[in-house]
Amino acid sequence: MNALESQLDYVFGDTLPEPGHVMEVAPGVRWLRMGLPFALNHINLWLLADDMDTPNGRLRGWTVVDCGIATEDTRQAWERIFADELEGLPILRVLVTHCHPDHVGLAEWLCQRWQAPLWMSTGEYAFARVMSAALPGAEGTAATPHFQRHGLADPQTIATLQGRNTYYQDLVPAVPRSYHRMQDGHAVAIDGRDWEIITGFGHSPEHVSLYCRDLNVLISGDMVLPRISTNVSVFAIEPESNPVQQYLDSLKKYVHLPADALVLPSHGKPFRGLHTRIEQLNDHHRQRLAEVLEACATPQTGVDILPVMFKRALDTHQLSFALGEAVAHLHKLWYDGAVRRLVGEDGVYRFVAV
């Protein structure tokens, strides 16, 4: 546990759900974990006991929150959940917080398997459809010229990135062709309890978190994580974006929630200490921005900023997110007027303090 984590209350200590099983964390709320083949090696998923109208009448069953990536290992893990943990009840609804592969990857499979509707925000649903279809500008190879413009020149890294053209489609082979819209400020009724929809930005187009006042539980998705900071990146499809500002603005939307809310994050362990963690995340970005601004005493590319922000070795998967985040911090300073953006004869962007 690091110094910041020690300020949080891990309600269940080091207890985790056993593989293929669930753990109740609040009345009617069950926690399960699926593996990921990345440095971030797991995702938390949630089963919510439910009672809702369906085309087959009113049924008891489960709402699933997030899905895992589309791999055979994840499907097999779900099959164990179906066999052992659903109490003979069906999945009635598949609710997805956002479009990233570990969250939406198996949505089509789950929806087809249970004839259950998909619920997402419009921004997340549209992006998932665009990326799974590999439309021009959203396919994997679009990242290469984008990152080259921010200083990426290593031939081996460029070749590796170009080889990841089908990365998203491999993990999200299909997205359901229809969905039910979730919208900020509205609520989802789950088993007679209202879950407030809170949308957030910067990490993804229109991320959905859910807060139940009756239970004092926040399903935070990737917006508030206990151990790591949420990735906020500038990507090829939106090259002039300011995701750090969007993310910091979004954190303000959680301040009205009780400080002792039980936070159920997509990665890491459930915790209490929401307001403390929000302030930690604000401090983290203030510190990173100060470091980046200091480095910009001389012109810096996004690649130049990588060792300023990340002190560890990065694999190719991590590099794309790290470089996107480095550019995001440069963009925040640029939009704030603290740095100027220059374009060299090589076509590369460099940022220098004003």
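Modeller: A cavity here is a set of grid points where a 1.4 Å probe fits but cannot get out, and its lining residues have an atom within 4 Å of a point. Note that this is a predicted model.

Biologist: Which strands each supply at least two residues of the lining of the largest cavity?

Modeller: The largest cavity has a volume of about 40 Å³. Its lining consists of Pro27, Gly28, Val29, Leu48, Ala49, Ile190, Asp191, Arg193, Trp195 and Leu215. At least two of the lining residues come from each of strand S3 (42-54) and strand S9 (193-200).

Biologist: How do the residues of that lining divide into nonpolar, polar and charged?

Modeller: Gly counts as polar, and Asp and Arg count as charged. Gly28, Asp191 and Arg193 are among the lining residues. The division is seven nonpolar, one polar and two charged.

Biologist: Which helix gives the most to the lining of the second largest pocket?

Modeller: That pocket has a volume of about 240 Å³. Its lining has 15 residues, with Glu108, Gln112, Pro176, Arg177 and Ser178 nearest the centre. The largest contribution, three residues, is from helix H3 (residues 107-114).

Biologist: Is Arg288, which forms a salt bridge with Glu291, buried or exposed?

Modeller: The closest N and O atoms of Arg288 and Glu291 are 2.9 Å apart. The two residues are three apart in helix H9 (residues 274-295), so about one helical turn separates them. Glu291 is partly exposed at 28% relative accessibility. Buried means under 20%, and Arg288, at 15%, therefore counts as buried.

Terms used. Residues numbered from 1 in each chain as written. Predicted model: local features only at pLDDT ≥ 70, side-chain atom pairs only at ≥ 80, totals over all residues. Heavy atoms only, no water. 1 Å grid on protein atoms, 1.4 Å probe; cavity = no way out; pocket = protein on both sides within 12 Å on 5 of 7 lines; lining within 4 Å. Points joined across faces, edges and corners; volume = space filled by probe spheres on them. Helix = DSSP H or I, 4+ residues; strand = E, 2+ residues; numbered from the N terminus. Salt bridge = Lys/Arg side-chain N within 4 Å of Asp/Glu carboxyl O. Buried < 20%, exposed > 50% of the residue type's maximum accessible area, 1.4 Å probe, protein only.
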